[in-house]
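Reader: I am new to this structure and would like to learn how to read it step by step. Could we begin with the terms and then turn to the case itself?

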Amino acid sequence: MKRSKFHPLPIVCLLLFGFCTLAGPSNAQEEAAATASAWTELPRPDVGKGLMMEPHLLGFGSRIHLVWIGTTGDVPKPEVFHTSISGGSTDWINPRAPYFGLNKGRVRRIAIGRARSLIGIFFQRTLTQGNDAYECLFSISSDQGWGWSKPQEIDSFVSDRSGGTWVDIDGRQAPNRTDFALAWSRDFNNLRFASMDITSTLRPEGVVVGQHDNAAMKCDIGSLGKDGFSLVYNNGVGLATAHAKALNGKVGDGTTFFKGRYGLFFSVASRPYGPSRLVVGEGNKIMALTSNGESWKNDEQNGTLPFSASGVEVASDTDDDKNLHVVMVVPKDQGYELWYMGQKDMAWGEAERVAVLAEDLEMRGFDIGVTDDYIFIAASQGFDAKYYRRKLKS
């Protein structure tokens, strides 16, 4: 029998491959580690171990403001809470419930917006009549959240939903005017809008602009500066928009401008002087649009997602260069993943996984906010809340 010759080279190659596999990470692992290291987890605000639901972030110069619906040992029923953090600090400043003691507990929904030098909060709470009786309240701060005006009632109603409906707020700055726009869901998915003139003592009247889809209870407002405000919501046919005109605050009926199944993968972001920018997800594509007041124009700078947009929820903000920054909550097995995607020079970068959230815990809100120097992300699963930060420009 003829023996085959022994060749040591294949054995050496296998040994080298095995050593490399054990000794060092793959390129994919290195890339994931580099992405993870770009984000720093911040400590929770010092309010004990209570609930931290519906976190909302607002960039204001070098400071990020955070509002949420929470409880503590001293605040047993859900109240509005506020805090802020400045620059590269890791200490949240003066976390407190500004309306505690005013009988404004039982809060269910909250939103935050800004004009040039004012911060506005719009929140919804249940009334003592029952879990389906609500009032919506508006309050402003002119000193970076240290003091807040007495909450003003905007609307009260009975809804067919328990647990809260939807609220949103944004502010705009025109040459001689500062005002806020408010949107909220009422009974039977009706969306109402009101323009809030802060110099007036009259309660604004809400106007119905349309109905959102039952499975997509969301309406986002964006500032157009001197041209008023834009509204976007999912009406079941696709995305619908309405334009609230400047000065008189009149708003027309919502009209469908983007047909398709977008679920909750849409978000409007702006700065007080405008423009309004919209992010939309479809398939594995992410799109950006800009409003001129009457219509939305696709920027045709599409990005690619490493997952399907179906079932994904999104929130967004813009920086001073009008670039969009997006956080996405992606369902994964029994839990969720947080992903980030941003623009530079109006072009999308690569998607980055920020964190894997706890399994078997319901999502109770998330948001993204951009300051002059940093990007912040917040995510809540009730008693478990996470906060992340990274540099805006590397």
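Author: Let us begin with pairing: two strands are said to pair if DSSP finds at least two bridges between them. This is a predicted model, and in it strand 23 and strand 24 (residues 324-332) pair in the antiparallel sense over 6 bridges.

Reader: What joins the strands of a sheet in general, and which residue takes a positive phi in the hairpin of strand 23 and strand 24?

Author: In general, strands of a sheet pair through backbone hydrogen bonds, and they do so either parallel or antiparallel. In the hairpin here, 5 residues lie between the two strands, and K322 takes a positive phi near 70°.

Reader: Is strand 23 largely enclosed or left open by the rest of the structure?

Author: A residue counts as buried when its relative accessible area is under 20%. In strand 23 (residues 313-318), 5 of the 6 residues are buried, and therefore this strand is largely enclosed by the rest of the structure.

Reader: How would I read the open sheet with the order 14-15-16-17?

Author: Begin again with the pairing, which is antiparallel across the 4 strands of this open sheet. Its edge strands are strand 14 (219-223) and strand 17 (255-259), each of which pairs on one side only, and the twist from one strand to the next averages 25°. Within the sheet, strand 15 (residues 229-234) and strand 16 run antiparallel and are joined by 6 bridges, with N234 standing opposite L239 in strand 16.

Reader: Where is H243 placed, and is it buried or exposed?

Author: H243 belongs to strand 16 (residues 238-244). Its relative accessibility is 17%, so H243 counts as buried. The side chain of H243 reaches the backbone oxygen of D227 at 2.8 Å. Beyond the neighbours within four places in sequence, H243 is in contact with several residues, among them L224, F229, K250 and E294.

Reader: How many helices and strands does the protein chain have, and what is its radius of gyration?

Author: The protein chain has 2 helices and 30 strands. For 394 residues, a compact globule would have a radius of gyration near 21 Å, and the 23 Å of the protein chain agrees with that. The C-alpha trace spans about 105 × 50 × 40 Å along its principal axes. Of the 394 residues, 54% count as buried, while the accessible surface comes to about 18,600 Å², with 50% of it belonging to carbon and sulfur atoms. Finally, among the contacts in the protein chain with a separation of 6 or more, 49% are between residues 24 or more positions apart.

Methods. Residues numbered from 1 in each chain as written. Predicted model: local features only at pLDDT ≥ 70, side-chain atom pairs only at ≥ 80, totals over all residues. Heavy atoms only, no water. Buried < 20%, exposed > 50% of the residue type's maximum accessible area, 1.4 Å probe, protein only. Polar contact = N/O pair within 3.5 Å; in protein donor to acceptor, adjacent residues only side chain to side chain. Contact = heavy atoms within 4.5 Å. Rg over C-alpha atoms; globule rule 2.2 N^0.38 Å. Areas by Shrake-Rupley, 256 points an atom, 1.4 Å probe, with all protein chains shown as cover. Axes fitted to C-alpha atoms, helices over the stretch in contact; angles between N-to-C directions.
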